[in-house]
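Work through the exercises below with the sequence and the coordinates at hand. Try each task before reading its solution.

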Amino acid sequence: MKASKPTAKLVRKGAKPLPTGAKSADGPGLRERKLQATRERLTRAAMALFLERGFEATTIDDIAAAADVSRRSFFHYFASKEDVVSAWQEGAAAALVAEIVARPANESMLTAAENAIAGAIKRIDPAEAAAMSRLKRDNPALQARDQLKYEKLERALAEGLAQRARTKSDRLKARLVAMIATGAMRVGGESWIGEGTREKPEVFVKRTFDAIRGILK
């Protein structure tokens, strides 16, 4: 059977195919990329439906249909609807840690945390973030997951900041700054929602960290 034209164009002369699931020097193998793509598609579909219809009103069948997979396939990736929300949050935490690691070495840990949070927040749709906050506020199961999210976020921040540490004292400082920054995100986020999301999120982050520095003086 002949390869189709689009496929044939991608085949390089003399190139040997990789075994199923094998990894190339450039990254994960085809199977892993497909699995990740399906997981991301399920997450995006679920979050869109949660924001449109509400968490309780959205069924797993709805999510599977929107992502063009079977109900059975959904359970290959997630055990519940709550797990989808957790996955979305974990992606945000990973992005935040990457922002911290990329900050200039001459920044203090607190400033690095502030700038990293502001940078990560710029990539989030404020309306979506506000809707998600209200969704979690109105759902007890998601509130419990939210508590776990902040615990994971604090650990992730501490690990990211620890990469800037050179001494034992710096490592302790990394943990303390992570705790402060996580608390700032939690309190600041609640205040931002409570004040009607009038300010840009990154502006609110700056105001929150300015308040922290005022306390620490």
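The model is predicted, so local features are taken only where pLDDT is at least 70 and side-chain atom pairs only at pLDDT 80 or more, while totals for chains, interfaces and linings use all residues. Residues are numbered from 1 along each chain as its sequence is written, and side-chain values use heavy atoms, with hydrogens and water left out.

**Exercise 1. The chain as a whole**

Task: State how many helices and strands the protein chain has, and what percentage of its residues is buried.

Solution: Begin with the secondary structure, where helices (H or I, at least four residues) and strands (E, at least two) are DSSP runs numbered from the N terminus. The protein chain comes to 10 helices and 0 strands. Next, apply the burial classes, in which buried means under 20% relative accessible area, exposed over 50% and partly exposed in between, with a 1.4 Å probe and protein chains only. Of the 217 residues in the protein chain, 35% are buried. Finally, take contacts, meaning heavy atoms within 4.5 Å: among those between residues at least 6 apart in sequence, 65% join residues at least 24 apart.

**Exercise 2. Helix H2**

Task: Compare the span of H2 with the expected one, and list its buried residues.

Solution: The expected span of a helix is 1.5 Å times one less than its number of residues. H2 covers residues 30–53, which is 24 residues, and reaches 34 Å from its first C-alpha to its last, close to the expected 34 Å. Its buried residues are Thr38, Leu42, Thr43, Ala45, Ala46, Met47, Leu49 and Phe50. After H2 comes Gly54, with a positive phi near 100°.

**Exercise 3. Where H7 meets H8**

Task: Describe the crossing of H7 and H8, and classify the residues of their contact.

Solution: Axes are lines fitted to C-alpha atoms, for helices over the stretch in contact, and angles run from 0 to 180 degrees between N-to-C directions. The axes of H7 (residues 126–137) and H8 come within 7 Å and cross at roughly 115°. Leu135, Lys136 and Arg137 of H7 make the contact with Leu142, Gln143, Asp146 and Lys149 of H8. For the classes, Ala, Val, Leu, Ile, Met, Phe, Trp, Tyr, Cys and Pro count as nonpolar, Asp, Glu, Lys and Arg as charged, and the others, Gly among them, as polar. The residues of this contact then divide into 2 nonpolar, 1 polar and 4 charged.

**Exercise 4. Aromatic pairs**

Task: Count the aromatic pairs, and classify the pair of Phe50 and Phe55.

Solution: Rings of Phe, Tyr and Trp (its six-membered ring) pair if their centres lie within 6.5 Å, and planes under 30 degrees apart count as stacked, over 60 as edge-to-face and the rest as tilted. This rule gives 3 aromatic pairs. The ring centres of Phe50 and Phe55 are 4.9 Å apart and their planes stand at 50°, so the pair is tilted. Phe50 is buried at 1% relative accessible area, and Phe55 is buried at 4%. Phe74 and Phe75 form an edge-to-face pair, with 5.3 Å between centres and 85° between planes; Phe74 is buried at 0%, whereas Phe75 is partly exposed at 38%. Ring pairs link Phe74, Phe75 and Phe78 into a cluster.

**Exercise 5. Glu114**

Task: Decide whether Glu114 is buried or exposed, and find what it touches.

Solution: Glu114 is found in H6 and, with a relative accessible area of 10%, is buried. Not counting residues up to four places away in sequence, Glu114 touches Val205, Lys206, Phe209 and Arg213.
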